[in-house]
Amino acid sequence: MKQFLWIAGVMICGLSQSVAAPKSYGLATVGYNDVDYAEASDKKVTYSLAFGKQIHRQWYAEVGYLNLFDYSNNQVDANGDSLYLAMLGKASGGTGELFYKLGVARVDIDVSAQCATEGVTSDCDQSESLAAGLVGLGFDYYVGLRSMIRIEYLHMTGEDSFSTNMVNVGFRYNFN
């Protein structure tokens, strides 16, 4: 949750500067995620937020937040989220922009489970931060002068057998 507040703060601060910045955008998506970590696997609906800026006529830099999973049952509560930095190579056309995404991410996983030791039940908490690589492919479809619909596929692979595959659909707003 701290990461979500941090990235939201960065995005809000960036919005005030976006009028002066050439070709910057904000992005919000929802998606379907298939995540594998250690011996666990889960499929969930997720969301993400991002802020991007064009740094060259064919390149964007994008920083964002990915909610990877929130899992809960009677014995285990787990959540995972990620901050990422990526470069997007793009090819523009009349209906939108085709892009590929390459980046790095910091994945934070928090697990709280009930542990039993000699008949005594207690909560066992574990927090872990992992480094991961990110690759993706997508298309931003023009729907208005400053608005686009994004469809993308993302794959992340990292330490400790972490991997995830996501399909996202979202809204991109170009500030200028």
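**Close-up views: salt bridges and a nonpolar patch**

K101 counts as buried, at 1% relative accessibility (buried is under 20% relative accessible area, exposed over 50%, partly exposed in between; 1.4 Å probe, protein chains only). This is a predicted model: local features need pLDDT of at least 70, side-chain atom pairs count only at pLDDT 80 or more, and totals for chains, interfaces and linings use all residues. Residues are numbered from 1 along each chain as its sequence is written, and side-chain values use heavy atoms, with hydrogens and water left out.

**View A. K101 and E152 form a salt bridge.** The N to O distance is 3.3 Å. A salt bridge here is a side-chain nitrogen of Lys or Arg within 4 Å of a carboxyl oxygen of Asp or Glu. K101 sits in strand β5 and E152 in strand β7, so the pair ties together parts 51 residues apart in sequence. Strands (E, at least two residues) and helices (H or I, at least four) are DSSP runs, numbered from the N terminus. E152 is buried too, with a relative accessible area of 4%.

**View B. E62 meets R150 in a salt bridge.** N and O are 3.2 Å apart. E62 belongs to strand β3 (residues 59-72) and R150 to strand β7 (residues 147-158); the two are 88 residues apart. E62 is buried, at 0% relative accessibility. R150 is also buried, at 0%.

**View C. E97 pairs with R172.** The closest N and O atoms of this salt bridge are 3.2 Å apart. E97 lies in strand β5 (residues 96-117) and R172 in strand β8 (residues 163-174), so the pair ties together parts 75 residues apart in sequence. Both ends are buried: E97 has a relative accessible area of 5%, and R172 has 2%.

**View D. Salt bridges join into a network.** Its members are E62, K90, E97, K101, D140, R150, E152 and R172. The model holds 8 salt bridges by the rule used here.

**View E. Nonpolar side chains make a surface patch.** The patch covers about 710 Å². I55, W59, M87, L98, Y100, L102, V135 and L137 build it. Patch residues have over 30% relative accessible area and no salt bridge; nonpolar side chains (Val, Leu, Ile, Met, Phe, Trp, Tyr) are joined within 5 Å, like charges within 9 Å. Areas come from the Shrake-Rupley method with a 1.4 Å probe; for residues, only the protein chains shown count as cover. Strands β5 and β6 (120-142) each supply at least two patch residues. The largest share, 3 residues, comes from β5.

**View F. Y100 is a patch residue in strand β5.** Y100 counts as partly exposed, at 38% relative accessibility.
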